[in-house]
Amino acid sequence: MKMFQHPIPENEQERVLSLAEFDIDYSCMENNFKDLAHLAAKIAGTEISLVNLIDTFTQWTYSSYGLDGIVQNPREETVCQYTVSLSSTEEYFEVPDMSADDRFKGFPAVTGPPNLRYYFGVPLTTSEGSHIGSLCVMDHRLREQSPEKIELLKIVADEVVNRLKALKAIDGLKHKLDEVKETQKKVAHDIRGPIAGIVGLAAVIAEQGNNNNLDEVLEFITMIHKSGRSVLELADEILTEGKTPVLKNDEFNLLVFKEKLERLYLPQSMNKNITFQIYINEKNEHIPFIKNKLLQITGNLISNAMKFTPQDGTVTVNLDLEVDVGQYKLKIKVEDSGVGMDEDTINCIMEGKTATTNGTVGEKGYGFGLSLVKHLVNSLHGNFDIHSEIGNGTTFEITLIQSHH
């Protein structure tokens, strides 16, 4: 079978950074795009429509119509890799008959069910011009799209990007709301002291009032006592809310982090017959920490390890959370039994350069995954270390420090 050079967008570095900025959790993608996928299929008159997001290694299907069960595919085994590689002057990528195209005729979905023939893809483009994914329509029959339909599909693709932005903004607002709740707790602490004093004072005066038969004073004091009690109860309510470490929208704990990574990357390991294990520090498994960019960082390391580890190899992840005064130290270690890398390659990555290398079984390496990790870890002021020897596997270690109240 003829080997084709996989297309890489000219701005691949900015593209993957742009997608990482959305901080999407591929393990729990909501049905926010079901209606748009359905609409795209209706416009194009096709049986199938997909909303796909493409990172360094993987195509993640965010939403689908007419095709169940697809969640992820290796990037190099997709048609949409060509759609995200379009230049700024190209508006769509069309394959009139996949079975007659040397690049795609060997794909399982073409040679077997659903026996796809027609493909039409529009890139999902950010306002900065990065193609972070694609809106594609497919059919087992040959089709073509009129200029009017193409314009409509571009509008649907724009709406997908707008919704992604809206979801990101909503997450930001939820985070701000959590900050407001923290402020409320502080206020509750501040009012609790004086109110407790008023209630105590009222009780003393009330007793004296009883002795002196001062009915009016007694009535007035009972009122103070009552309103003071209710404010005190309110303060208690605010303070007790969130005593248990319930995860907020912007938080993970080690247990949740592990579950998400297993859900996302076990399919990749099973596909290649690699033993994939994740270990966590069980002592601190329920303590919440900020999840910002952690899935992007760790996911890229795991995908990279899978790519450069041969069949029957191992990829192991260790997640540790150390609790210190005023701060948490999160340690992420990803080890593989893969091909390893030489000192020059390690230096390239550590300097943020993007040397492209080959994986195993003739896989094409997208050297951008590791430089993205380096960039994200730097943006979080963390440490990133690589230990490796040719033929002896690689160990990636990341340490991130987060403050806590």
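This is a predicted model: local features need pLDDT of at least 70, side-chain atom pairs count only at pLDDT 80 or more; totals for chains, interfaces and linings use all residues.
**Chat: sheet, cavities and backbone**

Me: Which residue stands opposite Tyr 328 in S11?

Reply: Val 323 stands opposite Tyr 328.

Me: What's the strand order in their sheet?

Reply: S8-S10-S11-S13-S12. The sheet is open, has five strands and shows mixed pairing.

Me: Which are the edge strands?

Reply: S8 (275–280) and S12 (383–388). Each of these edge strands pairs on one side only. From one strand to the next, the twist averages 10°.

Me: Which strands does H8 touch?

Reply: H8 packs on the sheet and touches S8, S10, S11, S12 and S13 (394–403). Touching means heavy atoms within 4.5 Å. H8's direction makes about 15° with that of S11. Angles run from 0 to 180 degrees between N-to-C directions of lines fitted to C-alpha atoms, for helices over the stretch in contact.

Me: And H10, where does that lie?

Reply: H10 (residues 368–379) lies across S12 and S13. It runs at about 145° to S12.

Me: New topic. How many cavities of 30 Å³ or more are there?

Reply: Two. A cavity is a set of points, on a 1 Å grid over the protein atoms alone, where a 1.4 Å probe fits but cannot get out.

Me: How much space lies in the largest cavity?

Reply: About 140 Å³, counted as the space filled by probe spheres on the points. Lining residues have an atom within 4 Å of a point. The largest cavity has 16 of them. Closest to its centre are Tyr 26, Asp 55, Leu 295, Gln 296 and Asn 300.

Me: Which helix gives the most to that lining?

Reply: H8, with five residues. H1 (12–21), H7 (254–271) and H8 (294–307) each supply at least two.

Me: How does that lining divide into nonpolar, polar and charged?

Reply: Ten nonpolar, five polar and one charged. Asp, Glu, Lys and Arg count as charged; Ala, Val, Leu, Ile, Met, Phe, Trp, Tyr, Cys and Pro as nonpolar; the others as polar.

Me: What lines the second largest cavity?

Reply: Asp 23, Asp 25, Phe 252, Lys 291 and Leu 295. That lining has three charged residues, two nonpolar and no polar. The cavity's volume is about 40 Å³.

Me: Backbone next. Which residues does a cis peptide bond join?

Reply: Pro 113 and Pro 114, with omega of about 0°. Pro 114 is in the loop between H4 (108–111) and S5 (118–125). Most peptide bonds are trans.

Me: Is Asp 312 buried or exposed?

Reply: Exposed, because its relative accessibility is 58%. Buried means under 20% relative accessible area and exposed over 50%, with partly exposed in between (1.4 Å probe, protein chains only).

Me: What about phi at His 381?

Reply: Positive too, about 55°, and His 381 is not a glycine. His 381 is in the loop between H10 and S12. At 73% relative accessibility, His 381 counts as exposed.

Methods: Residues are numbered from 1 along each chain as its sequence is written. Side-chain values use heavy atoms; hydrogens and water are left out. On a 1 Å grid over the protein atoms alone, a cavity is a set of points where a 1.4 Å probe fits but cannot get out, and a pocket is an open set with protein on both sides within 12 Å along at least five of seven lines; lining residues have an atom within 4 Å of a point. Helices (H or I, at least four residues) and strands (E, at least two) are DSSP runs, numbered from the N terminus. Two strands pair if DSSP finds at least two bridges between them.
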